[in-house]
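Welcome, and thanks for taking a look at this one.

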Amino acid sequence: MIKNLIFDFGNVVISFNPDYMTGCITKEPNEFELLRDAVFNPKTFEQTDKGYITADEHKKIVCKELPKHLHKKAEQILDTWYLNLPVWQGMGELLNDAKRAGYKLFLLSNINIQFSENKHKVEILKLFDGVVLSSEVKHTKPDPVIYNTLLENYDLKANECMFVDDRQQNIDGGEAVGIKGYLFDGDTAKLREFINSAKDLAYRIK
């Protein structure tokens, strides 16, 4: 029976929205897009997710793409984005209810070094019994190494786990090592209904 629920972070537990995170620092139209596109450049973020570059190196790369007068704001975004992550609608309640029902909760995320170094400041993480981040293990989903790291670190059996992610390739990666997957489409109520109806899940949540 499944008694461990594993969650992705971005756009599952929280909303990862570059527009919102940039807007927490500036709403000036002549600098907003420049800052957003430089700070949240997917190629650079991928390197930080894999732990290949440090937080300081990330700042230097971003600042090279921007005029000097925007460097301070770019650094402010990089230093605070992990504090500007609204919990996904209904997810806080679902996590609390699942924990009360008896499930162990785990986080498995492709996420960068800034988050890793400041995860103790992120309130929602206090609900989780274990956390594995790509920037710490130097492997990203769907690489089997990161799933197996979670299983080994917390002495979990794959057939007793379900993984919730918003990307099919990451669901496939989990299933390749024996972890049941649930592709999250943003509908928390539907996920709750699935947990309460699936025959192989151990507990029902209110």
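In what follows, Ala, Val, Leu, Ile, Met, Phe, Trp, Tyr, Cys and Pro count as nonpolar, Asp, Glu, Lys and Arg as charged, and the others, Gly among them, as polar. Please keep in mind that this is a predicted model.

**The pocket**

Let's start with the open space. The largest pocket has a volume of about 630 Å³. Its lining is made up of 25 residues, and Phe16, Phe45, Asp49, Asn110 and Arg167 lie nearest the centre. How do the residues of this lining divide into nonpolar, polar and charged?

| Class in the lining of the largest pocket | Residues |
|---|---|
| Nonpolar | 9 residues |
| Polar | 8 residues |

Helix H3 (42-49) and helix H10 (168-176) each contribute at least two residues to the lining. The largest share, 4 residues, comes from H3.

**Helix H10**

Besides its part in the lining of the pocket, H10 has buried residues: Asn170, Ile171, Gly173 and Gly174. Why are these on the same side of H10? They cover an arc of only 155° around the axis, and so they share one side of the helix. Among the elements that cover the buried residues of H10 are helix H9 (144-153), E4 and strand E5 (180-183). After H10 comes Gly178, with a positive phi near 100°.

In soluble globular proteins, nonpolar side chains tend to be buried together. Here, the largest nonpolar core has 47 residues, and Leu5, Phe7, Phe9, Phe115, Phe128 and Leu191 have the most contacts inside it. Elements that each supply at least two residues of this core include strand E1 (4-7), helix H2 (29-39), helix H6 (91-101), strand E4 (161-165) and helix H11 (188-197). H6 gives the most, with 4 residues.

Not counting residues up to four places away in sequence, Phe115 touches Phe9, Trp81, Tyr82, Leu85, Val122, Leu125 and Leu133. A second, separate core has 14 residues, including Ile6, Leu150, Leu151 and Ile179.

**Asp19**

Our last stop is Asp19, which sits in helix H1 (residues 18-23). Is Asp19 buried, partly exposed or exposed? With a relative accessible area of 38%, Asp19 is partly exposed, because buried means under 20% and exposed over 50%. Leaving aside neighbours within four places in sequence, Asp19 is in contact with Phe32 and Arg36. The C-alpha atoms of Asp19 and Tyr182 are separated by 27 Å, with the two residues 163 apart along the chain.

Notes:
Residues are numbered from 1 along each chain as its sequence is written. This is a predicted model: local features need pLDDT of at least 70, side-chain atom pairs count only at pLDDT 80 or more; totals for chains, interfaces and linings use all residues. Side-chain values use heavy atoms; hydrogens and water are left out. A nonpolar core is a set of buried Ala, Val, Leu, Ile, Met, Phe, Trp, Tyr and Cys residues joined through side-chain atoms within 4.5 Å. Buried means under 20% relative accessible area, exposed over 50%, partly exposed in between (1.4 Å probe, protein chains only). Contact means heavy atoms within 4.5 Å. On a 1 Å grid over the protein atoms alone, a cavity is a set of points where a 1.4 Å probe fits but cannot get out, and a pocket is an open set with protein on both sides within 12 Å along at least five of seven lines; lining residues have an atom within 4 Å of a point. Grid points are joined across faces, edges and corners, and a volume is the space filled by probe spheres set on the points. The arc is that of the directions from the helix axis to the C-beta atoms.
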